[in-house]
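Open the model in your viewer and keep the selection panel at hand. The stops below say what to select next and what is there.

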Amino acid sequence: MQPTKDSFYVALRDRLAAVDPSRTVTLDGATRPAIAVIENEPPSGAPLLCDAFYLQWGNARPAIPALGNLMQMDCSISYCTKGSTQNGSLDRGRDLASLDSDLLSICSPAQTAKNDYCSGTPVPLGSSLFWTQPVLNTAKSVPPYVGRDITITVFFYPEVNQS
Amino acid sequence: MADQLGIIAGRSCSAVRFADAMLQTLGGVQVTLRLSDPSSGDTSSQLGLEAPTAEDLSVSPAAVKMLEPVKDGNRRMEIVVSGTALRVAAKNYGIEDISAWLLSMQGVVTNGGVWRIATVIVDKVCGADCLYHLTATE
């Protein structure tokens, strides 16, 4: 299961770096593409940053019970923005649209190869994972913030020798 | 009369000194904050494979008060830290936003454990940050 989580994150991160190189964020003193997995970050009381994608893993279950061992796991992706102070946050809708556009870009194609990253370097596991296209539901608006929580379902075959 | 005189220059100093004197009166204890060193930013650190190095920072004067546990039974405490001491420490690290800095720390070292800093409230008097109230949870 862990290779699925890691491969999905790395695929989206690398695509974000290619699609929108300027969308970066500084986390723990390091500047990186503006995407992070919450469970991989230090547990601090600091609020989540604007203009960044945060992944959080949810339920995992058999995709079709009693038919093979294909698994599915939910991944919620949260992001928000408050626009720019120069524009009095009036451009927050445009910034949200830009985030939406980046999200749709990095989620396509909806598949990637599965690698094991436990050693720090990717080791191909010989299978792929694939996922549903994101559905952009109603934006949450808590002035001055506007953002979305979307859920993607990731399908994968569990590695029997993996944790 | 006060309006005619305007703000007395340096009056914030008296508030800061009063706050520090109050903390000294309450015991003037020293608290240890644990802060993470900057991440390497590589894939291993992003995947949670690389534990961040950390260093401890001792700050005084401070006062510690145990609070009622949260609903799940975890203990929590309030730590009141001198704004003067924190400003000196923050300056050494080139930090401007002390509240955000505190929230990004690993937590408060206590009895060998590290309690996470959940909230930070600043007492600002006459424009000076006098006291920082940290709520730390187990």
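Axes here are lines fitted to C-alpha atoms, for helices over the stretch in contact, and angles run from 0 to 180 degrees between N-to-C directions. Two residues are in contact if their C-beta atoms, placed from the backbone, lie within 7 Å. Helices (H or I, at least four residues) and strands (E, at least two) are DSSP runs, numbered from the N terminus. This is a predicted model, in which local features need pLDDT of at least 70 and side-chain atom pairs count only at pLDDT 80 or more, while totals for chains, interfaces and linings use all residues. Residues are numbered from 1 along each chain as its sequence is written, and chains are lettered from A and ligands numbered from 1 in the order in which they are written.

**Chain B**

Select chain B. Its C-alpha trace spans about 65 × 35 × 25 Å along its principal axes. The chain has five helices and six strands, in the order α-α-β-α-β-β-α-α-β-β-β from the N terminus on.

Next, show the strands. They form a closed barrel of six, running 1-2-3-6-5-4 with antiparallel pairing; two strands pair if DSSP finds at least two bridges between them. Neighbouring strands of this sheet are turned by 45° against each other on average, direction ignored.

Select residues 29-36 and 54-67 of chain B. These are strand 1 and strand 2, antiparallel and joined by seven bridges. Arg34(B) has Asp56(B) in strand 2 as its bridge partner.

**Where the chains touch**

Now show both chains. In the contacts between them, 21 residues of chain B meet 17 residues of chain A. Helix 3 (43-46), helix 5 (98-104) and strand 5 (113-125) of chain B each supply at least two residues of the side that touches chain A. Strand 5 of chain B gives the most, with four residues.

A residue is buried if 20 or more other C-beta atoms lie within 10 Å of its own, exposed if 12 or fewer, and partly exposed in between, with C-beta atoms placed from the backbone. A nonpolar core is a set of buried Ala, Val, Leu, Ile, Met, Phe, Trp, Tyr and Cys residues joined through C-beta atoms within 7 Å.

Select Phe8(A), Leu12(A), Ile35(A), Ala52(A), Phe53(A), Cys75(A) and Val154(A). Of the 27 residues in the largest nonpolar core, these touch the most other members. Helix 1 of chain A gives the most to this core, with five residues. Then centre on Ala52(A): leaving aside neighbours within four places in sequence, it is in contact with Val25(A), Ala34(A), Ile35(A), Ala36(A) and Tyr79(A).

Show helix 1 of chain A. Its buried residues include Phe8(A), Leu12(A) and Leu16(A).

**Two single residues**

Select Gly83(A), in the loop between strand 5 and helix 2 of chain A. Is Gly83(A) buried or exposed? Gly83(A) counts as buried because it has 20 C-beta neighbours inside 10 Å. Asp95(A) is twelve residues from Gly83(A) in sequence and 6.0 Å away in space, C-alpha to C-alpha.

Finish at Ala97(A), in helix 2 of chain A. Ala97(A) has 14 C-beta neighbours inside 10 Å, so it counts as partly exposed.
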